[in-house]
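This report describes the nonpolar cores of a protein chain and the sheet and helices around them. The sequence and structure are shown first.

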Amino acid sequence: MKYLTIALAKGRLAKQTLALLEQTGITCEEMKDKDTRKLIFVNEELGLKFFLSKTSDVPTYVEYGAADIGVVGSDTILEEGRKILEVLDLGLGKCRMCVAGPASARALLQKNEIIRVASKYPKIAKDYFYNKKHQTVEIVKLNGSVELAPIVGLSEVIVDIVETGSTLKENGLEVLEEICPLSARVVVNEASMKMQRERITKIVKDLKQALNE
Ligand code: PRP
């Protein structure tokens, strides 16, 4: 039996996904060892391989077929724009992609002013402002703590993930516009879906069922 390889995004989502997979009878004992430095884990019996990668790399591994299946947030899927099949919404890690800033920036968004937008997600920001709002903006790519940008005067607004809203609130910022809801998705390599359709659809079906239990 050919191995099916599953790529998981390092962190909380991987833990939640493994718990969900366990409900479907798919386990990976090797992966539970907290001290391990191994990167790839095998369940010989089920013919499965698992690996943990940086979140933003999951769609890349799946597009190239290095992983047959991946589990990753829809923010990453949208930003990476890879050619992959999105087959299931796990509803985990629900949050929203938003335009945020100080209340005073609201007027700048309505007047179609040329403003600076800081974001870890330049592609999503560009798509939203250029294609949906038809507003010309300057996009500045940052790598984290994006809320700092409007506070220190780098940009007027940000495009970022809002979950509880407390990071914004504690920094005197607010949601100005909502771009889209986000959650974790199961993605599949296009060729794998053709070659291993039965095994993959069974896993997806079992996951769907586990979500409803
Ligand atoms: C994310 C996001 C916000 C925060 C939102 O950051 O970029 O900063 O969480 O959560 P909240 O609405 O519940 O406050 P993350 O912790 O991933 O780190 P980062 O700032 O380095 O991106």
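## Nonpolar cores

In this predicted model, the largest nonpolar core comprises 27 residues. F50, I69, L90, V186 and I203 have the most contacts inside this core. At least two core residues each come from strand 1 (4–9), helix 1 (12–23), strand 3 (48–53), strand 4 (69–73), strand 11 (184–188) and helix 9 (197–212). Helix 9 provides the largest share, 5 residues.

When neighbours within four places in sequence are set aside, the contacts of L90 are L20, V71, A184, V186 and L211.

Six strands form an open sheet with mixed pairing, in the order 2-3-1-4-11-5. Strand 2 (40–43) and strand 5 (85–89) each have a single partner strand and stand at the edges, so one side of each lacks a neighbour in the sheet. From one strand to the next, the twist averages 25°.

The pairing of strand 2 with strand 3 is antiparallel and spans 4 bridges. Within strand 3, F51 is the bridge partner of I40.

## Helices on the sheet

Helix 1 lies across strand 1, strand 3, strand 4 and strand 11, and runs at about 140° to strand 1. Helix 9 also packs on the sheet, where it touches strand 1, strand 3, strand 4, strand 5 and strand 11. The direction of helix 9 makes about 25° with that of strand 5.

Definitions and conventions: Residues numbered from 1 in each chain as written. Predicted model: local features only at pLDDT ≥ 70, side-chain atom pairs only at ≥ 80, totals over all residues. Heavy atoms only, no water. Core = buried A, V, L, I, M, F, W, Y, C linked by side-chain atoms within 4.5 Å. Buried < 20%, exposed > 50% of the residue type's maximum accessible area, 1.4 Å probe, protein only. Contact = heavy atoms within 4.5 Å. Pairing = 2+ DSSP bridges. Axes fitted to C-alpha atoms, helices over the stretch in contact; angles between N-to-C directions.
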